[in-house]
Amino acid sequence: MAAAPAPASNAPPAAHKSPELSPFAGAAAADEGREAPASVAAGAAAQASPASPAVAGAPVAAEDPFTGLQAFAETEDQAREEAVRLAAVFKHEVPAALPLSPGRKELMEQLARQQLEQAGYVISRPQTMVVVDRNPAVQRLAVFLAMPAGPGGDDWPLIGSARVSTGTVGRKHYYITPTGVFINTADRLGYRALGTKNENGIMGIGVKGMRVWDFGWQIAEKGWLPSREKGPIRLEMHATDPVYLEQRLGRTASAGCIRIPATLNVFLDRHGLLDAAYEHKALEDARFKALLRPDRDPSVVAGVSVVVVDTSPPKEADKTAALKDGLAHKPASG
């Protein structure tokens, strides 16, 4: 996998001045979950050190990411009604949707709550939250309406679920997707796919216009090393090649990022379910306004967070990942 030039910090780099320009231009734009080049690895590692709130995806707990945002659900009943509406829209707009058993839903929700608690993330109001299970035997994403604790109960209504692909093992420079809480903060500007193909004819982040959510530098395990030594990667969530790779969702395959179906990508993008902070920033920054879809219909329960969990039995996670990776066709791109 070709190493791609990447920004050394979470601040939007010069290449992000136009939302249509990927920071990983050329053939590397069809890659993802990439390793930090040596020139920036030291700085990225320091940025994600234990002294930093960015470690393992933890947000700055002292700040409420929804402060100052407009057009948010005013009551819990309104939020739950919106979740019912979004669930119906999900079924219509995401053909790749899959049912989620009550047991799996409860487990993913429970582990997500644990990650939020560890990160110091307080659910201050009803908000959509994407939860990804990196368990190699599951590889599933669920969109929840995360509810604050209160007299009305704090159960999380399920909006929809679909297959994903997270980081695999056994291939050099392929990382295991880290668990944690990852915020789509307005401190970083994401981008959209250019539809660029790599040397193998693969559009690794999807067709032109697909949204790429950038969660900045994160520390992840090196899946090709038995020691599971850790290093920095640029963690993203994005679509993938619609012909060659989307049909393989549901198994570990990526270089560390989170691959999702194209229809789910559009659903999250169109309804702004991770863009609460971006909507606010767009009022004052033309770059964020240009990145958001002109035909968007932002939800009143829009959130900002992706939570990665792992339902694997701890000692079996690597063994299962290696087995699935061995059974899978060798992917042509990260």
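Is tyrosine 175 buried or exposed? At 0% relative accessibility, tyrosine 175 counts as buried (buried is under 20% relative accessible area, exposed over 50%, partly exposed in between, with a 1.4 Å probe and protein chains only). Please keep in mind that this is a predicted model, where local features need pLDDT of at least 70 and side-chain atom pairs count only at pLDDT 80 or more, while totals for chains, interfaces and linings use all residues. Residues are numbered from 1 along each chain as its sequence is written, and side-chain values use heavy atoms, leaving out hydrogens and water.

- Helix H2 covers residues 76-93 (helices are DSSP runs of H or I with at least four residues, strands are E runs with at least two, and both are numbered from the N terminus).
- The 18 residues of H2 should span 26 Å at 1.5 Å a residue, and this agrees with the 25 Å between its end C-alpha atoms (the expected span is 1.5 Å times one less than the number of residues).
- Buried residues in H2 include Ala79, Glu82, Ala83 and Leu86.
- Among the elements that cover the buried residues of H2 are E1, E2, E3 and helix H4 (262-270) (contact means heavy atoms within 4.5 Å).

**Aromatic pairs**

- The structure holds five aromatic pairs (ring centres of Phe, Tyr and Trp, the last by its six-membered ring, lie within 6.5 Å; planes under 30 degrees apart count as stacked, over 60 as edge-to-face and the rest as tilted).
- One of them joins phenylalanine 90 and phenylalanine 267, and because the centres are 5.1 Å apart with planes at 85 degrees, the pair is edge-to-face.
- Phenylalanine 90 lies in H2 and phenylalanine 267 in H4, so this pair ties together parts 177 residues apart in sequence.
- Phenylalanine 90 is buried at 1% relative accessibility, and phenylalanine 267 is buried at 0%.
- Tyrosine 175 and tryptophan 224 also pair edge-to-face, at 5.2 Å centre to centre and 80 degrees between the planes.
- Here tyrosine 175 sits in strand E4 and tryptophan 224 in the loop between strand E7 (211-222) and strand E8 (230-238), 49 residues apart.

**Glutamine 127 and arginine 125**

- Glutamine 127 belongs to strand E1 (residues 127-133) and is buried at 0% relative accessibility.
- A polar atom of the glutamine 127 side chain lies 3.0 Å from the backbone oxygen of arginine 125.

- Glutamine 139, not a glycine, has a positive phi of about 50 degrees and is buried, with a relative accessible area of 0%.
- Histidine 173, not a glycine, has a positive phi of about 70 degrees and is partly exposed at 23%.

Conventions
A polar contact is a pair of N or O atoms within 3.5 Å; within protein, one must be able to donate a hydrogen and the other to accept it, and residues adjacent in sequence count only if both atoms are side-chain atoms.
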